[in-house]
Amino acid sequence: MDIKKNVISFMNMKGGVGKTTLCVNLSDCLSREFNKKVLIIDFDPQANATQYLIDEETFTILIQSKRTVNSIYENSVNIFSTISGDETEELDLSPENLIIKVNEKLDLMAGNLALAGISFNGDPAVVNTLSNYLQQNNLAEKYDFVFIDCPPTHSVYTSSALQIANYYLMPVKPDFLSSIGIELFKRIIHRHNRTSPNKVDCLGIVFTLVQNYQYYLECKERIKNMNMFSVFENHIQQSSLVPKHAERHEFLYDISVFKSNIIELTREFLEKAEQGASI
């Protein structure tokens, strides 16, 4: 039986490029339009994906009841930089407890600001914690896709995500500074693939926050030629409607002027995922 290659990390070393917007809206469209079962793991301490998907009251309850990705790390020795002298509480780390349902086909493992307390200290066990959890609970086999939303830094979070991911998807804002971030990230991936048994391929670059269409086309062509990445034909336009709807936990699929666009982008994603596009 073929092993699924369906774990995808959303990564960019530059912030403010629409990474979470892309991750959440691809997941939503996959679940509602294409009937795919998706798990989002919010691995960014800012927990923006979580706050996009669920209301504040539910988020507060999840934190108080320790039903976030943070709990996978909490019982591990020396993983947190600040540990109280109290006896460690036994936590329910079962997927049934940590994973919550967003819609019929979309699930979430919520993020938490407490993730910022993870202390790496060169311990490979820390980097492998998330990977081990997914493997022990056979999560990749239970979903069509597992998406990991990562912070925009090279850190224990990105290193951990790369240990389990089959591919990474890179959201890029079409401007000069973003192209610099691509070069930096390309070197990080090259170093990871040279030293780690888990090799990760690029599923492609998706342009986000696109304003000037002609400038976007020029940047797209330049980045495509310069980096030899697979570049998506579809993109996400910048609009004040996007954050406005996100605040109400609504998606591009719910905005009439964006619906066809996100469907076509998601369709292209599925094609690339099936082909196993790479660098």
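**View A. The loop that holds His 249.** His 249 sits in the loop that links helix H12 (241-247) to helix H13 (256-275). Keep in mind that this is a predicted model. The residue is not a glycine, yet His 249 has a positive phi of about 60°.

**View B. Leu 209, with another positive phi.** Here we're in the loop between strand E7 (201-207) and helix H11 (213-227), where Leu 209 has its place. Leu 209 isn't a glycine either, but its phi is positive, at about 55°. With 24% relative accessibility, Leu 209 counts as partly exposed.

**View C. Strand E2 and its cover.** Five of the five residues of E2 (residues 38-42) are buried, so the strand is largely enclosed by the rest of the structure. In a regular strand, side chains alternate between the two faces of the sheet. Both faces of E2 are covered: one has Val 38, Ile 40 and Asp 42, the other Leu 39 and Ile 41, all of them buried.

**View D. The strands paired with E2.** E2 pairs with strand E4 (residues 106-109) in the parallel sense, over four bridges. Look for Val 38, whose bridge partner in E4 is Leu 106. E2 also pairs with strand E5 (residues 145-149), again in the parallel sense, over five bridges. There, Leu 39 stands opposite Val 146.

**View E. Helix H1, mostly covered.** H1 (residues 19-32) has 14 residues and reaches 20 Å from first C-alpha to last, close to the 20 Å expected. Of those 14 residues, 12 are buried, including Leu 22, Cys 23, Asp 28 and Cys 29.

Methods. Residues are numbered from 1 along each chain as its sequence is written. This is a predicted model: local features need pLDDT of at least 70, side-chain atom pairs count only at pLDDT 80 or more; totals for chains, interfaces and linings use all residues. Side-chain values use heavy atoms; hydrogens and water are left out. Helices (H or I, at least four residues) and strands (E, at least two) are DSSP runs, numbered from the N terminus. The expected span of a helix is 1.5 Å times one less than its number of residues. Buried means under 20% relative accessible area, exposed over 50%, partly exposed in between (1.4 Å probe, protein chains only). Two strands pair if DSSP finds at least two bridges between them.
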